[in-house]
Every structure is written in C-alpha cells, then in structure tokens.
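Thanks for coming. Let me put the structure up, and then we will walk through it.

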Protein chains: 2
Amino acid sequence: MLDVRTLCLGVLHRGDSTGYEIKKMFEEGPFGHFLEASYGSIYPALTRLTEEGLLSFRDERQKGRPDKKVYTLTDRGRTRFKEALLGQPAEDKFRSEFLFFSLFAELLPPGHMARLIDRQLALIKDKARVIEDRQAHAKTDGARFVSGFGQALYHAAIEYLENNRTMLEQEDSVGQLQNAQ
Amino acid sequence: MLDVRTLCLGVLHRGDSTGYEIKKMFEEGPFGHFLEASYGSIYPALTRLTEEGLLSFRDERQKGRPDKKVYTLTDRGRTRFKEALLGQPAEDKFRSEFLFFSLFAELLPPGHMARLIDRQLALIKDKARVIEDRQAHAKTDGARFVSGFGQALYHAAIEYLENNRTMLEQEDSVGQLQNAQ
DNA sequence: GCTTCCATGTAATAGGTTACATGATTTG
DNA sequence: CAAATCATGTAACCTATTACATGGAAGC
C-alpha cells in the first residue's frame, strides 16, 4: 500500500533531505531494518513528487563534493502525507530464506548449517548494535518505540538461535567434532 | 536469490503436491509466515519445471471436485534442489508499514494509533495460534526449529506491544478516556 | 594505488502481483 | 441463498531492482 513516493513524503516530514540521505535512512537511519528503497526508485519518486507540487528543492553547492538537491515538503505535500496516514497499513511481511534452508538442514553437507547459523547470528547482532545506537539518539516517542521494538525482536531471535541451534546441527556430529579441534 | 521455482522444488521435496496445495503451504503450512508465493507465480513455475524435466505429474480425477495435477520431483529435480541449497540464503527481509505509522503516531487523529495497535496485536496473535498448531504436527527437527523460531518472535512482539503501547497512545489521552467508558 | 564515500540519474530487465475466467460443491 | 473451498490457468500491469554512467575527494 505504501509506495516509495509515500515513504519519501514521510522521510521529508521529519526534515529536509536529499535522495542520497533518504537512501541512508532506509539503511541505518530511523527507517532502517523495516523498510527498503533503492536509488533507482527514490530518485524518480522525488522527481515525480516535485512535478506534482508535493515537494520543492534547492540546489546546494559544496566544496569538494558533488552538488546536492535538498528537498522540502510543500504544504500540499504535508497534507497529502497526513491523508496517507489515515489509511490502514499493510500487513507486516517477513521473508526468510534462512528459515527455508533450516527446514532442509538434514540435506546439507556436514557443518554447513552450523556456518549458516553463525552467519545469521553475526548479521542479527550487527543489526542489533546499529539499532541500539539509534535508540540512544531517538528524539520522539515514535522513534523510541520503533527502535525498542526492533531490539526486542532481535534479542529474541539471538536467544532462540543460540539456545536451539543444536536441533539443526546434531545430524552432522562429524563436522562438529572436527571444528572442535 | 530463491525464486518461486526453487521454492516449489523445496515444497515437493517434502512430498508430492498440487499447485493449489503448494499455495496453502505458504499460507498456513510449514512455509507459512516467512515466505510467500501467489498462484500467478506458482502455476507457471510448475509448468516450466516440468518442461525442464525437474518435475513430472499425474492427473487425478475426483468426484465433485476439479481434477488435479499432482507433481513429483524427478531425480534431476532432487539433485537440482540440493545444489540450490549449497548457495547462501539471501538476508532476511522484514517490511512493516505498522512501524512506519508508529513513527508518525503524533500525526494521527486521537485513538487511531490505539486501533492500529489493537489490530496489530490481533493479527500477530492469530499467526501465533496457527504456528502453535503447526509445531504440534511438526515431523522433522527442521520443522520444529522453524516453528519454534516463529513462536519466539511472535511472543516477543506481543509482549513488547502490550508493555509499550502507552508510548504511542499518551498523546491522545482524550480518545483513551472515551474508550474507557 | 585501491577502495569507499559522496551524489544524481537512466534504462533494461525481470519478476511477481492482481485481476480475470470458469465452475461444481460444500458450508453457513 | 450467499460465500467460501477446491482447482487451474492466463494476461496485463506495475514496480522496483540491477547495472550502468560519471567523477572528485578522502581514507587505507
């Protein structure tokens, strides 16, 4: 339901920004880990929103850096965004190829599943660290709520993986013994 | 990385199935809640996999029900699937418009956020119930691990929402007082 | 010297979703 | 009587990802 254009309106509601910075917000910023958007979708979105009169922009020159276009919400853009917030959010979607692989753990060569779990844990712990940083800087209750939610889920995932990984690893005890040397 | 065709190979690795049943497995079955596929992608995938010699099928007539095509993995299909499992799973993706709305809770009309949270809780509790059923019937360690993981995350989400919802609701105390009557 | 960061943008492609078409039967 | 279930399939559409193009500066 929320397309990239609406997401951009939301980002810009929190303050002026460039296309490049918007992308960063979906990677590590306040929108990180629960939404995504690529440059290939953000830049065209900003252009079209400007054509529709929902955004305006100013060019900013920088020393030693490329020029940037700083976008601002217009009054109409602000109104449009609030209208979008009156609709219902789409259901959450979670896609995990890791869990798919887990279902077929017994088909994998010895030790492979253990490596996948190690990688999975590393990825999640990394995200958990980023989000902890974010929570420290959160300015609004909304931002605190969202990063707190992320933390709660990540910690639950880490705990589960660490406590239950043997369920998937026991089949390849050979590989494990080798690793233990 | 895993396209619908590979997912179908995986489903059929656990036993013969029809396109219709495969879709159900992504809704409530063992693949539910962490992968998705629509009829519009499953049926063409099965056709193409058959053309490639990775699947075969038999027609089954039923009384009072439409005929169905029951697909089976061929040896080559089985091999191909195991090869696919040697690659790396893509990173997990989580998309939540609910969290996006939460970030802008203070822009919503009084009581609206409370309703969104109620709905969110209802949705998650529903999924948690489905998954508990599934765990009871899980035959393999992989299946138990996956449904256990789902349960752990859902319970963490429910707990967090119930314990922290006031962070988002306190702004519209008027709406809350009205609801309390 | 190589890689990464900053910064914007386009074009081709691929992939899947949505909607449509059909129809008998069971359930509410 | 209406709606949901079972069952397969097609076609139009859309959206977004990927890769490409460009280029200076700073860090390793």
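How do the residues of the surface near DNA strand D divide into nonpolar, polar and charged? Six are nonpolar, eight polar and six charged. Here Ala, Val, Leu, Ile, Met, Phe, Trp, Tyr, Cys and Pro count as nonpolar, Asp, Glu, Lys and Arg as charged, and the others, Gly among them, as polar.

Some ground rules. This is a predicted model, where local features need pLDDT of at least 70, side-chain atom pairs count only at pLDDT 80 or more, and totals for chains, interfaces and linings use all residues. Residues are numbered from 1 along each chain as its sequence is written, chains are lettered from A and ligands numbered from 1 in the order in which they are written, and side-chain values use heavy atoms, with hydrogens and water left out.

A polar side-chain atom of A:S38 lies 2.5 Å from one. For B:Y43, a polar side-chain atom lies 3.0 Å from a phosphate oxygen. A:V4 uses a backbone N or O atom, at 3.5 Å.

B:F100 is in contact (heavy atoms within 4.5 Å) with residues of chain A. Among them are A:L2, A:F31, A:F34 and A:F81.

Terms used
Polar contact = N/O pair within 3.5 Å; in protein donor to acceptor, adjacent residues only side chain to side chain. Lists of a residue's contacts leave out its neighbours within four places in sequence.
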